Amino acid sequence: MPSEFRKILLTLGTDIDCQYKDASISVDYTMTFHNHDGYEIFLMLEGNACFYTETSAKEMKRGDLFFILPHAFHHVHPLDNAPYCRVVINFRSHIIPGFSSGQTDLDSIFNRVAPTEINFVHLDSEELAHFLSLTRAMEDAQHSSAFGSDILLEALSKQLLVKINQYNPNSNISHFRQIMPALINETFAYIENHLTEDTFSVQQLADALHHNSSYLNRCFKKIAGISLQQYILAKKIALSQEYLRKGYRLCEACYAAGFHNYSNFSRTFSLQTGMSPKQYQLSLRN
């Protein structure tokens, strides 16, 4: 099984991580469908690339700000060999709810659309300058060992989250031209609806969509950066993680996610996530 599987389902290493990324930083995982076990905020600054979810695709412009829920599959597809610059902010899944209060729900902006859809606003020049000022300060605090830098990072994060939730959805959420190929949209939809069936296979998918399986796989990989089989396995593992978070036992999560052999499930889970199902289950209790 290819080692890239470990890049599809990603575990965040810190509670808060703010990075300005450009050509000097390796970004290979963004070029395949992947997900994180936490929230992501993605700001496009420069370059030519498209943002993909499982149901939508958009060519990105400077100032486009995307909001990605934990465990939602997404990726960025460069349109040429030129580097693209962006700001990426990640929060572990418990952080934003923990920052919220009874009066202020800071994760509301992440829940305005379904997890499989594109959720974004476009910042004007003034909003962009303010956002960049906050994120520069966050990045400085994150890498500082000065007294109070951890508290400062938390305070700046709360300020940023309050600000993005204040964007007016009626005026700032842009309508965009859908550029997801119809065949790929149908492919994602079929996988979503048939993932856990006993007979589900790439060949069944190809037959249902009336295309040769090799052709369908080439079309899919051009968009997703991974093969159909890799994506299907990643979806099953992501589904098993969801069941484990809901309190399912290991074997229950295995079979509910469409695996028919626990040994195969455990091996695939470990390759894709970097930990065994049991280790993942134990991590949920910490």
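**Pockets, helices and cysteines**

The second largest pocket is lined by 13 residues, and those nearest its centre are D37, S93, H94, S283 and L284. The model is a predicted one. This second largest pocket has a volume of about 280 Å³. By class, its lining divides into five nonpolar, five polar and three charged residues.

The largest pocket holds about 360 Å³ of space. Its lining is made up of 17 residues, and H71, E192, K235, L239 and E242 are the closest to its centre. Two elements, α5 (182–194) and α8 (228–245), each give two or more residues to this lining. The largest share comes from α8, with five residues. Sorted by class, the lining of the largest pocket has seven nonpolar, five polar and five charged residues.

Among the residues closest to the centre of the largest pocket is K235, which sits in helix α8. Is K235 buried or exposed? Its relative accessible area is 10%, so K235 counts as buried, the limit being under 20%. The side chain of K235 makes a polar contact with the side chain of E192, at 2.8 Å. E192 is likewise listed among the residues closest to the centre of the largest pocket.

H71 is another of the residues closest to the centre of that pocket. It is found in the loop between β7 and β8 (75–78). The backbone of H71 has a positive phi of about 70°, although the residue is not a glycine. With a relative accessible area of 23%, H71 is partly exposed. A positive phi in a residue other than glycine is also found at H210, where the value is near 60°. H210 lies in the loop between α6 (202–209) and α7 (213–224). Its relative accessibility is 70%, so H210 counts as exposed, the limit being over 50%.

Helix α8 can now be taken as a whole. It has 18 residues and reaches 26 Å from its first C-alpha to its last, close to the 26 Å expected at 1.5 Å a residue. The helix is mostly covered, with 15 of its 18 residues buried. Just after α8 comes G247, which takes a positive phi of about 100°.

Helix α2 covers residues 125–142 and has 18 residues. From first C-alpha to last, α2 reaches 25 Å, close to the 26 Å expected at 1.5 Å a residue. Which residues of α2 are buried? They are E127, L128, F131, L132, L134, T135, M138, E139 and A141. At the start of α2, a side-chain oxygen of D124 comes to within 3.2 Å of the backbone nitrogen of E126.

The largest cavity has a volume of about 100 Å³. It is lined by 16 residues, of which F67, I68, L69, P115 and E117 are the closest to its centre. Strand β7 (residues 64–68) gives the most to this lining, with three residues. The lining of the largest cavity has 12 nonpolar, three polar and one charged residues.

The cysteines come last. A disulfide is a covalent bond between the sulfur atoms of two cysteines. The count of disulfides in this model comes to zero. C18 is in no disulfide, and the nearest cysteine sulfur, that of C85, is 14 Å away. For C85, the nearest cysteine sulfur is that of C18, and C85 is in no disulfide either. The surroundings of the two residues can also be given. C18 has 0% relative accessibility and so counts as buried, whereas C85, at 25%, counts as partly exposed.

How values were computed:
Residues are numbered from 1 along each chain as its sequence is written. This is a predicted model: local features need pLDDT of at least 70, side-chain atom pairs count only at pLDDT 80 or more; totals for chains, interfaces and linings use all residues. Side-chain values use heavy atoms; hydrogens and water are left out. A disulfide is a pair of cysteine sulfur atoms within 2.5 Å. Buried means under 20% relative accessible area, exposed over 50%, partly exposed in between (1.4 Å probe, protein chains only). On a 1 Å grid over the protein atoms alone, a cavity is a set of points where a 1.4 Å probe fits but cannot get out, and a pocket is an open set with protein on both sides within 12 Å along at least five of seven lines; lining residues have an atom within 4 Å of a point. Grid points are joined across faces, edges and corners, and a volume is the space filled by probe spheres set on the points. Helices (H or I, at least four residues) and strands (E, at least two) are DSSP runs, numbered from the N terminus. Ala, Val, Leu, Ile, Met, Phe, Trp, Tyr, Cys and Pro count as nonpolar, Asp, Glu, Lys and Arg as charged, and the others, Gly among them, as polar. The expected span of a helix is 1.5 Å times one less than its number of residues. A polar contact is a pair of N or O atoms within 3.5 Å; within protein, one must be able to donate a hydrogen and the other to accept it, and residues adjacent in sequence count only if both atoms are side-chain atoms.
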